[in-house]
Amino acid sequence: MNQIAMCIEEIKRKVSSTQAHYQLPIRPVTIIAVSKGQGVDAIQQAIDAGVRVFAENRVQEAQEKWPAFKARYPDISLHLIGALQTNKIKDALWLFDVIEVVDREKLVCSLGRQMRQAGRVLPCYLQVNTGEELQKTGVKPLDVDRMLQRCKQEGVPIEGLMCIPPLNEPPALHFGFLAEIGRRHHLSTLSMGMSGDFEMAVALGATHIRPGSAIFGERKV
Ligand SMILES: *Cc1c(COP(=O)(O)O)cnc(C)c1O
């Protein structure tokens, strides 16, 4: 087994032992392999190890790396996890399968219109700024209601929530908060937890975790 395959097995083992430890229902947690900053060789190894869900944070980088893989492996699902500018929507729609970063009204309007035009309506997640950090994108917790309504009006299907906790705070607070917002709005899909904190995220109800360096090692860029 190569290094990447071993890391993936290790993550799966930790997910299972976390569920056992907290006596959670044993249910599948989707590992989204964050391949930003990684080359095609590393991605190929993850594919060979059976990973079929990946994420990138930049549309342009994804355009350079992913069209060939997606042609060869039609069952791969690619998530966008970095800020989406409205002028990149068109490109993003053709390459990605899930948009995790719906974070503002302007984006909702353009996304709805362009998905209709393209005849390609993608499942989306609302990115919630659980820490209410000024410099960070995401919907403020108090605005989630209004944003969900806007999304409905504009035909943007919101299937879940995602968050990136502030660096200097215990992530558990934010994961618990996101799970609570999800319960309140009947959104059961929760994308939370990265390499350093995915076990905590699983303990608090993550359905999707986003490890990058725990799979691929340090990023090259
Ligand atoms: C980079 C990134 C990750 C993965 O981070 P690691 O610490 O390498 O696991 C997960 N989610 C988002 C939104 C990211 O930008």
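By about how much of a helical turn are Trp66 and Phe69 separated in helix H3?

Modeller: About one turn, because Trp66 and Phe69 sit three residues apart in helix H3. Before going on, a word on ground rules: this is a predicted model, so local features need pLDDT of at least 70 and side-chain atom pairs count only at pLDDT 80 or more, while totals for chains, interfaces and linings use all residues. Numbering starts from 1 along each chain as its sequence is written, and side-chain values use heavy atoms, with hydrogens and water left out.

Now the rings. I pair rings of Phe, Tyr and Trp (its six-membered ring) if their centres lie within 6.5 Å; planes under 30 degrees apart are stacked, over 60 edge-to-face, and the rest tilted. That gives two aromatic pairs. In one, Phe54 and Trp66 have ring centres 4.9 Å apart and planes at 50°, so they count as tilted. This pair links distant parts of the chain, 12 residues apart: Phe54 belongs to strand E3 (residues 53-56) and Trp66 to helix H3 (residues 59-72). Helices (H or I, at least four residues) and strands (E, at least two) are DSSP runs, numbered from the N terminus.

Trp66 also pairs with Phe69, and here the centres are 5.3 Å apart with the planes at 55°, so this one is tilted too. Put together, the ring pairs make a cluster of Phe54, Trp66 and Phe69.

How covered up are these rings? Buried means under 20% relative accessible area, exposed over 50%, and partly exposed in between (1.4 Å probe, protein chains only). Phe54 and Trp66 are both buried; Trp66 has a relative accessible area of 0%. Phe69 is buried as well, at 5%.

Phe54 turns up again in the largest nonpolar core, which has 61 residues; Phe54, Leu84, Val102 and Leu126 are the ones that touch the most other members. A nonpolar core, by the way, is a set of buried Ala, Val, Leu, Ile, Met, Phe, Trp, Tyr and Cys residues joined through side-chain atoms within 4.5 Å. There's a second, separate core of eight residues, and Val53, Ala55, Tyr125 and Met162 are among them.
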